[in-house]
Amino acid sequence: MIPLCIPEIKGNEWKYIKECIDTNWVSSAGSYVNLFEDRFNEYIGSKEAVVTVNGTAALHLALVSLGIGKGDEVIVPSMTFISPVNAIKYAGAEPVFVDICRDTFVMDTTKIEEMISSNTKAIMPVHIYGHPVDMDDIMRIAKKYDLYVIEDATEALGSEYKGNKVGTIGNIGCFSFNGNKLITTGAGGMLITNDDRIGERAKFLSTQTKVVNDNKSFYHPEIGYNYRMPNLLAAFGVAQLENIEMYIDIKRKNAQYYSEKLSDVSGITLPVQKEWAVNCHWLYSIVIEDEYGISRDELIKILEYEGIESRPFFMPVHEMPPYKGCKHGKMDITFELSKKGINLPSSVGIKKCEIDKICSIIKEYSK
Ligand SMILES: *Cc1c(COP(=O)(O)O)cnc(C)c1O
């Protein structure tokens, strides 16, 4: 079986985790927690980093750290993993959905302004499958309407927008270290910001707003969350981060190889990289057009039969039961791509001969 996307665990992971266990520092007070935050800041180019137990927690923490809650609206794409939308609801706010671009699969920035109301507090661009959202547009609109920007960069760790790593451009950026992401800690997340006050606030809220009195008793001035990652997982993360540049390099080369092999297949559309972007190609994704020989879903079945795991693009979140009835704009591209888009195997460890096999099957069924 060629899996869709599995982790690459070949570095110091075991050594650092063993050290946590040998020294009894397994929980959040251990030194790897701060080290992981520092190293992540260095890599991404941000000032403040706050580790969390997963990416969804980082997104929730981002919203509450900015004071977003009841009565507020947050603009988000409908073509996304559901986490950012659920996080908006956890905070008590309402999602407002916009359509995506046909070529990059991410939020269409020309569709945002028409959805802004007096209740809008933030825009949440989601850099899905690795391609960045056009952040200059997002920041211009945010400035014009005085909105916050929270980047869901969970699928685009290492991708760049005009020379800056995604996640560093808005007020807050969020990352995930789930098992299928570029680097993993099993489960985990990170919130980053260049604003000291937001960073401090996020860390305070993520540690149960714990204040230690002189006599060592705990005082909590407001409702906090237990979102801090334990040392065991942070140790895992530090080891993964040591290899991140290599992983991104491999992913990008694999994507290039896929695109070369598929360039002469008719009826499919290959992923792009805008001139202002570096696409980490977290999941190599193509569109099965009407002109291709069979449907996207038929192709998924054939690939499965051949021992190849693939996945259809996300279904529109605004159509799911908890979000039916939420405000949204026209969703033509979201609907179309959710029926035609497919993610192909993209593990760092995938072999060239495996990509060859996948591409030859895709070629075989083309008209
Ligand atoms: C993976 C992912 C998240 C966060 O997921 P966790 O499993 O909570 O770490 C958030 N948004 C998107 C778009 C994702 O793909």
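**Notes on cavities, pocket and ligand**

1. The largest cavity holds about 70 Å³ of space. Of the 14 residues lining this cavity, F105, Y129, H131, P271 and N279 are the closest to its centre. A cavity here is a set of points, on a 1 Å grid over the protein atoms alone, where a 1.4 Å probe fits but cannot get out, and lining residues have an atom within 4 Å of a point. Grid points are joined across faces, edges and corners, and a volume is the space filled by probe spheres set on the points.

2. A word on the basis: this is a predicted model, where local features need pLDDT of at least 70 and side-chain atom pairs count only at pLDDT 80 or more, while totals for chains, interfaces and linings use all residues. Residues are numbered from 1 along each chain as its sequence is written, and side-chain values use heavy atoms, with hydrogens and water left out.

3. Searching the whole structure gives three cavities of 30 Å³ or more. The lining of the largest cavity splits into seven nonpolar, six polar and one charged residue (Ala, Val, Leu, Ile, Met, Phe, Trp, Tyr, Cys and Pro count as nonpolar, Asp, Glu, Lys and Arg as charged, and the others, Gly among them, as polar).

4. The largest pocket has a volume of about 200 Å³ (a pocket is an open set with protein on both sides within 12 Å along at least five of seven lines). It is lined by 17 residues, with T56, F81, S83, S176 and K181 nearest its centre. By class, the lining of this pocket has five nonpolar, nine polar and three charged residues.

5. Where is the ligand? It sits in the largest pocket, meaning that more than half of its atoms lie within 2 Å of the pocket's grid points. There are 15 residues around the ligand, and T56, D152, E155, S176 and K181 come nearest (near means a heavy atom within 4 Å). Helix 3 (55-65) and helix 4 (83-90) each supply at least two residues of this shell, and helix 3 gives the largest share, three residues (helices are DSSP runs of H or I, at least four residues, numbered from the N terminus).

6. At G55, a backbone N or O atom lies 2.8 Å from an oxygen atom of the ligand. Taken alone, the ligand exposes 390 Å², and the protein buries 91% of that (Shrake-Rupley method, 1.4 Å probe).

Note on methods: A polar contact is a pair of N or O atoms within 3.5 Å; within protein, one must be able to donate a hydrogen and the other to accept it, and residues adjacent in sequence count only if both atoms are side-chain atoms.
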